[in-house]
Amino acid sequence: MAHPEKPTKISKLLRIKAQEFLSCTENTAGFLQIIRHFESGADTASCLLALDMIFTHLLKDRKMHFEIVPLKAVERSVENDKRKWLMDTYEECYIKILDCMDHDNSKVGLQALSTAMSLLATECRHPLLRYTSDQENYFPVNKLRSVLMKLLSVKRNNTPLINKHTEYLIFDDILFYTWKLLPSLTAKSNPNELYIMNYLSLLEKMQIYPNAETKHLCGEDQASLINFDETLTKKNLNRVWQCIMLWEHTQETHRQLLVVLLEKVLVHLDKPLILTDFLMDSLDVGGPVSLLALQGIFTMIQVHNLDYPNIFAKLYSMFEPEIFHTKYKARLFYLADLFLSSTHLPEMLVAAFAKRLARLALLAPSEDIIIICHFVGNLILRHPGLKYLLHNGNGAITSLDPYIMEERDPLKSNAINSSLWELQTLQSHVQPSVAAAARFIGAPLPSVEWDIGKVLENSGDDIFDKEIKKMSKLIVLQFEQPKELTLSRGDKVSEFWEFS
């Protein structure tokens, strides 16, 4: 009895039909079947791969290629009519390939982007039209524009596609033309939140300067095509940023806007001081937005000599119990360390920060207590007069502590007359690493500051793993000494456990 043949995978069938068409382009039946199957919406990923293979070979073999002579019409012939049909079919399929970037299946969308960029690169090396007169090297700008328009969707979050597109931004030609096209793709009126998030995600991935390693997606023979002008890219960045600042932002887009501003944009702006009002207003929003705005203001003070007299009061007010449960916690400690790095600050001001952090340490997670202990220790090293807080008896009794936690002005908090009894309390913490960090107040202070950068990203899991490594040899795994190969079930086991 003969065994039934296994059904051939659709991807293999499509590949066979594609190869048959490429071996004899006169027979278009298989090619048209692939297109119809693609348009039906079935097996989209396999169809994309088959179309990629077909059009890549057609471009390389110049089956859709036309020589253009100035002031002379293209001759009508059977061969040219076929070339024209293949070219039109290619352009129609390219639009449908781009539409697949909106597919509900993310894998199909990613494959559509890969296919579109693959065909773009092949077309750049093998243009559809070739002019006999002198002309500059060719780049399919309109196809890249279409790709970017799909990425900047107003209907869906395209973060996976934009992350995939980052793989192509390492090529100087793609990066250069993306910058060149971006101003024309920037919404002039108020777009919706999805468009803004997609736009900011794309902008965050782009750099102003050429890549360290010069590569071109369209091939190194096209390198002369690119004159990567950093002045032009900075000019385009300033143009698009002016539009972005006029958009109406939600809490989420406001936060993302500040992230992109601080990490990518601020250093390249021609007139950064015009952002002062925006950053000041952002400080009053609260939460992560205020923290990010604080970093922007610090940069403006440090680099552009901005005068902001109440900056320490703003920083002081951000240290609330909620900060320990946000992902920007490390950024706040880093900024506070920079703001308070000067040894010329008033001791009353620095004492307020030390006391507030010590009080918050009673509520903070274990990993944050260690940061606070090192942070307060560094403040005392910078301001030796604060050693008074370690041994002052005025605030040792909680009910008599003169410190005013609710006071928003650090200079009026009366912290200088208090003590750091909170850290004394933490020396009895259940976590050994926390208790050890708090014991610095009873020991001679070191000559150099603690490096808080090493503990800023620590988590509770890191502390647990560290303690397990210390105590692993002390954990008893067997309390009865085995005398045979099998383990005995002693009276103590049966007393406390019942085995069914």
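The questions below take up helix packing and then the cavity of this predicted model.

User: Is helix H10 roughly parallel or roughly antiparallel to helix H11?

Analyst: The axes of H10, residues 230-246, and H11, residues 251-265, come within 13 Å and cross at roughly 160°. Because angles over 145 degrees count as roughly antiparallel, the relation of H10 to H11 is roughly antiparallel.

User: How many nonpolar residues are there in the contact of H10 with H11?

Analyst: H10 brings Leu 237, Trp 241, Ile 244 and Met 245 to this contact, where they meet Leu 257, Val 260, Leu 261 and Val 265 of H11. Divided by class, the contact of H10 with H11 has no polar and no charged residues, and its nonpolar residues number eight.

User: Which hand does the crossing of H5 and H6 have?

Analyst: Helix H5 spans residues 106-125 and helix H6 spans residues 141-151, and their axes come within 10 Å and cross at roughly 165°. That angle makes H5 roughly antiparallel to H6. The hand of the crossing of H5 and H6 is left-handed.

User: How many charged residues does the contact of H5 with H6 have?

Analyst: On the H5 side the contact is made by Leu 113, Ala 116, Met 117, Leu 120 and Glu 123, while H6 supplies Lys 143, Leu 144 and Val 147. The residues of the contact of H5 with H6 include six nonpolar and no polar ones, and the number of charged residues is two.

User: How is H11 oriented relative to helix H12?

Analyst: H11 and H12, the latter covering residues 276-283, pack with their axes 12 Å apart and at an angle of about 130°. Since 65 to 115 degrees counts as roughly perpendicular and over 145 as roughly antiparallel, the orientation of H11 to H12 is oblique.

User: Which residues of H12 make the contact with H11?

Analyst: H11 takes part through His 254, Leu 257, Leu 258 and Leu 261. By class, the contact of H11 with H12 has five nonpolar, two polar and no charged residues. The H12 residues that make it are Phe 278, Leu 279 and Ser 282.

User: What is the volume of the largest cavity?

Analyst: The structure holds one cavity of 30 Å³ or more. Its lining consists of Leu 58, Leu 59, Arg 62, Met 64, His 65, His 126, Pro 127 and Leu 128, which divide into five nonpolar, two polar and one charged. The volume of the largest cavity is about 30 Å³.

Methods:
Residues are numbered from 1 along each chain as its sequence is written. This is a predicted model: local features need pLDDT of at least 70, side-chain atom pairs count only at pLDDT 80 or more; totals for chains, interfaces and linings use all residues. Side-chain values use heavy atoms; hydrogens and water are left out. Axes are lines fitted to C-alpha atoms, for helices over the stretch in contact, and angles run from 0 to 180 degrees between N-to-C directions. Helices (H or I, at least four residues) and strands (E, at least two) are DSSP runs, numbered from the N terminus. Angles under 35 degrees count as roughly parallel, over 145 as roughly antiparallel, 65 to 115 as roughly perpendicular and the rest as oblique. Contact means heavy atoms within 4.5 Å. Ala, Val, Leu, Ile, Met, Phe, Trp, Tyr, Cys and Pro count as nonpolar, Asp, Glu, Lys and Arg as charged, and the others, Gly among them, as polar. On a 1 Å grid over the protein atoms alone, a cavity is a set of points where a 1.4 Å probe fits but cannot get out, and a pocket is an open set with protein on both sides within 12 Å along at least five of seven lines; lining residues have an atom within 4 Å of a point. Grid points are joined across faces, edges and corners, and a volume is the space filled by probe spheres set on the points. A crossing is left-handed if the near helix is turned anticlockwise from the far one by less than a right angle, and right-handed if clockwise.
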